[in-house]
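This briefing is for a reader who is new to the structure. Please keep the sequence and the 3D view open while reading.

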Number of protein chains: 2
Amino acid sequence: MSIKIAVAQLELSTSAPAENVRKMNDAIVEAANKGAQLIVLPELANSGYAFKDLAEARRNAIHINGPEIAHWVELAREHDVVIVTGVALVEGQALRNSSIIIDGSGVLGKYDKAHLWNNEPDYFIAGDASPVVVDTALGKIGTMVCYDVEFPEWVRIAKLQGAQILALPTNWPDTGLPRNPTPMEVVRVQAAASQNKMVIAACDRTGDENGVTWVSSSVIVDENGLIQTLASSATQQILYAELDLPTDNSISPRNDVLKDRRTDLYSGLN
Amino acid sequence: MSIKIAVAQLELSTSAPAENVRKMNDAIVEAANKGAQLIVLPELANSGYAFKDLAEARRNAIHINGPEIAHWVELAREHDVVIVTGVALVEGQALRNSSIIIDGSGVLGKYDKAHLWNNEPDYFIAGDASPVVVDTALGKIGTMVCYDVEFPEWVRIAKLQGAQILALPTNWPDTGLPRNPTPMEVVRVQAAASQNKMVIAACDRTGDENGVTWVSSSVIVDENGLIQTLASSATQQILYAELDLPTDNSISPRNDVLKDRRTDLYSGLN
């Protein structure tokens, strides 16, 4: 089934959480009006990323039952879209770097980032559960967050759980590696898609934040890992691609990305 | 430690196995004379790939104790190099699609391809053991063959066994996917290197063979996945790169590609 996917590369800031949420709302409406059926937003879209301190992170985090998410559910219902976004969530004393999958019926799934990057453990408690994969009107959508995707084990588990598409909120900090011909963050997404015969929609962010800049390389790749659209500049923009979700795992007359796995030989991974 | 690596992209043929071996010998000598310390050759370099029938495959296969391998050991001793090559081996009634690691002291390791591509099961028995990683004067060298590298589980196991560099004999059949900006075969190698902080030297082949053509994209990537050299044409050529082997697994002040693995959550992989 062909679906139209949008990734909304937004300029976010830890010092303006209300403005971040307004940008998210606007992006959802704009993408839906352009016919997008699945809309993916960046990691920690509501809060920004490069916090000054824990108090700021806590101040910016929202509640799973709060008004922001209720409004996104409303927007999803009104426009008949599925939304996947990164969010800083507060859960009791804990903060989570989460991704939520939303449709008009509510929050279909919530995933807590399991592999934390650099200073994130100063703010967030790592998740202890698998990537989330949910059945939607568009197909089976899986999600994880940013650094998670660098663990091929994790992408494979999403695939084994049936994900046809992986919606990946990210904040890819610019580490100064050469970007040509393709940023390594995008290369890893391409490989993950191709090795799992899975569409991947990765939504990065943009904008300087407390001295951190971003690769700003939001990308949608097809089930062969081929780039369908890729942000070419560090600016706020919504990118679109319309493509089929995979319905089988075959990659040659006699090969299948899952059946060919030699699980009898993989015990060393644990 | 910085080492000079060569990948010898050869034009091979199932109908001329003696000529294949001559080309291998010549490539080893040429690369050694240009200062290469590690020389990687293609998959099934002695036999060719697209066999007419099992009899041809059997006819072309060599013995682990045969004169061809003895000669490569001699060359390795004479030139003080390490050689990794794909070979069709005959073992009793079985044929194996193998990779061998050779230095002047003999065959240091033999690996049998565990993930077979398309019609290969008509000729070869799949291996039942892990990727081989051996300690050499140059560092810890791991090997696997072609389609094996599409299984991130397999590359990870080589890394967990200590490989600093993966020497990958391949025959990448051209499946018609777009090659720009980078062939997907190379993208997967880049991602594997970057996710494992491991150098990878992949040696492809070239030349039409019974209607099969090849991506002809031999490549050497560094521990960040960055391309150091990449064959730009479907011609016979030897490519070189001199680079450091990784000595740790760190990728940020607080991140490590192995320590960050959530092995507590990976049981679904088996």
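In helix H1 of chain A, Pro17(A), Asn20(A), Val21(A), Lys23(A), Met24(A), Ala27(A), Ile28(A) and Ala31(A) are buried, a residue being buried if 20 or more other C-beta atoms lie within 10 Å of its own, exposed if 12 or fewer, and partly exposed in between, with C-beta atoms placed from the backbone. They cover an arc of only 155° around the axis, so they sit on the same side of H1(A); the arc is that of the directions from the helix axis to the C-beta atoms. This is a predicted model, in which local features need pLDDT of at least 70, side-chain atom pairs count only at pLDDT 80 or more, and totals for chains, interfaces and linings use all residues. Residues are numbered from 1 along each chain as its sequence is written, while chains are lettered from A and ligands numbered from 1 in the order in which they are written.

**Helix H1 of chain A**

- On the other side of H1(A), Ala18(A), Arg22(A) and Asn33(A) are exposed.
- The buried residues of H1(A) pack against strands E1 (2-9), E2 (38-40), E3 (82-91) and E12 (237-244) and helices H2 (54-60) and H3 (67-79) of chain A; helices (H or I, at least four residues) and strands (E, at least two) are DSSP runs, numbered from the N terminus.
- The 17 residues of H1(A) (residues 17-33) should span 24 Å at 1.5 Å a residue, and the end C-alpha atoms are 24 Å apart, which agrees; the expected span is 1.5 Å times one less than the number of residues.
- Gly35(A), which follows H1(A), has a positive phi, near 95°.

**Helix H4 of chain A**

- Eight of the nine residues of H4(A) (residues 152-160) are buried, so the helix is largely enclosed by the rest of the structure.
- Among these buried residues are Trp154(A), Val155(A) and Ile157(A).
- They pack against E6 (132-136), E7 (139-143), E8 (165-169) and H5 (184-196) of chain A, together with H4 (152-160) and H5 (184-196) of chain B.
- Gly162(A) follows H4(A) and has a positive phi, near 100°.

**The two chains**

- The contact takes 41 residues from chain B and 41 residues from chain A, two residues being in contact if their C-beta atoms, placed from the backbone, lie within 7 Å.
- H5(B) gives the most to the side of chain B that touches chain A, with seven residues.

**Loops**

- Ala114(B) is in the loop between E5 (106-112) and E6 (132-136) of chain B, and it counts as buried because it has 22 C-beta neighbours inside 10 Å.
- Leaving aside its neighbours within four places in sequence, Ala114(B) is in contact with Arg262(A), Leu265(A), Ala126(B), Gly127(B) and Asp148(B).
- Asn180(A) and Pro181(A) are joined by a cis peptide bond, with omega about 0°, and Pro181(A) lies in the loop between E8 and H5 of chain A.
- Lys197(A), a residue other than glycine, has a positive phi near 45°.
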